[in-house]
Amino acid sequence: MNAFANIEVKKSGQLAYLIINRPERRNALNKETLDEMTEALQELAKDDETGCIIFSGSGEKSFAAGADIGQLKTRTALDVFNPGGMQQVYDYIETYEKPTIAMVNGFALGGGCELAMACDIRIASEQAKFGLPELNLSIIPSAGGTQRLARLIGKGPAMNMILRGKIIDANEAYRIGLVSEVAESGQLQARTEEAAKEILSKGPLAVKLAKLAVHAGFDADQRTGLLIEKLAQAVLFSTEDKNEGTAAFLEKRKPQFTSR
């Protein structure tokens, strides 16, 4: 793994931590950071040992406090179509083959909140704060914020957060379904790793196809979604892992999956 200037990648067994490492800027997401995130994810995708990616932020104050405003100030209309933009990077994260968890350890605002929403699961510390305050700058949350938030919590609550620029705490985020779990102070990493290990104990091919079925089906009508679900199940029925999983259950032992 290459050395990076704006992120840090730490591996622990099957887990890979992708840590935004700009604490002096509250882990603001500039173009260089996004490029490094993409490069790291592409390398981790080829690493057979890594089974789950955990996103977090350096320090105790911020997960990611949003886009780098200095760079944002210079943007022009055509810049939104440039490759490697925040929306494109988050689309890549959302469709990433390996499961992803946002371990939200502080402020997740603007692009930071959108990064968390692009992950499969969000686990927050009690100190975490979430919000999409872009309208204060006379722009909109355009890295998926207007779309993913509405899909996660419903159109009405999403409109309330976006139009008012509301910043909510972790418990409110849990109440409205934005996060999956709130961890007590000092327990965030342990709870996140517990969730990751639960995912990693499942059939890896099933995890991959479950992600595909949920994402592809959610953006289609239900009948199309059910067809996608059926086809994904047909693929899994033909795998060695399905045979191993069912045999292990009947024999009351732990399955040994091989991704075949």
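Biologist: Great. What kind of model is it, and what are the ground rules?

Modeller: It is a predicted model, in which local features need pLDDT of at least 70, side-chain atom pairs count only at pLDDT 80 or more, and totals for chains, interfaces and linings use all residues. Residues are numbered from 1 along each chain as its sequence is written, and side-chain values use heavy atoms, with hydrogens and water left out.

Biologist: What is the mean pLDDT of the chain?

Modeller: The mean is 93, and 94% of the residues reach 70 or more. pLDDT is the predictor's confidence in each residue, from 0 to 100.

Biologist: Where is confidence lowest, and where is it highest?

Modeller: Helix α2 (residues 69-72) is lowest, at a mean of 64, while strand β5 (residues 100-104) is highest, at 98. Helices (H or I, at least four residues) and strands (E, at least two) are DSSP runs, numbered from the N terminus.

Biologist: How do β1 and β2 pair?

Modeller: β1 (residues 7-12) and β2 (residues 15-20) are antiparallel, over 6 bridges. Val9 has Leu18 in β2 as its bridge partner. Their hairpin has 2 residues between the strands, and Gly13 takes a positive phi near 60° there.

Biologist: And what about β5, which strands does it pair with?

Modeller: β3 (residues 52-57) pairs with β5 in the parallel sense over 3 bridges, and Ile53 stands opposite Thr100. β5 and β7 are also paired in the parallel sense, over 4 bridges, with Met103 opposite Ile123.

Biologist: Is β5 buried or exposed?

Modeller: Buried: 5 of its 5 residues are, where buried means under 20% relative accessible area, exposed over 50%, and partly exposed in between (1.4 Å probe, protein chains only). Thr100, Ala102 and Val104 are on one side, with Ile101 and Met103 on the other.

Biologist: Now the other sheet. What is its strand order?

Modeller: It is an open sheet of 4 strands, β4-β6-β8-β9, with mixed pairing. β4 (62-64) and β9 (167-169) stand at the edges with a single partner strand each, so one side of each lacks a neighbour in the sheet. Inside it, β6 (residues 107-109) and β8 (residues 129-131) run parallel, joined by 3 bridges, and Leu109 has Gly131 as its bridge partner.

Biologist: Which helix lies across that sheet's strands?

Modeller: α4 lies across β4, β6 and β8, at about 95° to β6. The angle is between N-to-C directions, from 0 to 180 degrees, of axes that are lines fitted to C-alpha atoms, for helices over the stretch in contact.

Biologist: Let's turn to α1. How many residues does it have, and what do its buried ones pack against?

Modeller: α1 (residues 31-45) has 15 residues and reaches 21 Å from its first C-alpha to its last. Its buried residues, including Leu34, Met37 and Leu41, pack against β1, β2, β3, α3 (86-94) and α4 (111-118).

Biologist: Which residues touch the most other members of the largest nonpolar core?

Modeller: Phe55, Tyr90, Ile93 and Phe130, out of 46 residues. A nonpolar core is a set of buried Ala, Val, Leu, Ile, Met, Phe, Trp, Tyr and Cys residues joined through side-chain atoms within 4.5 Å. There is also a second, separate core of 14 residues, which includes Ile19, Ile54, Ile101 and Leu188.

Biologist: Last topic: are Asn6 and Asp35 buried or partly exposed?

Modeller: Asn6, in the segment before β1, is buried at 13% relative accessible area. Asp35 lies in α1 and is partly exposed, at 35%.

Biologist: How far apart are they?

Modeller: They are 29 residues apart in sequence and 9.6 Å apart in space, C-alpha to C-alpha. Asn6 is in contact (heavy atoms within 4.5 Å) with residues including Ile19, Arg22, Glu32 and Glu36.

Methods
Two strands pair if DSSP finds at least two bridges between them. The expected span of a helix is 1.5 Å times one less than its number of residues. Lists of a residue's contacts leave out its neighbours within four places in sequence.
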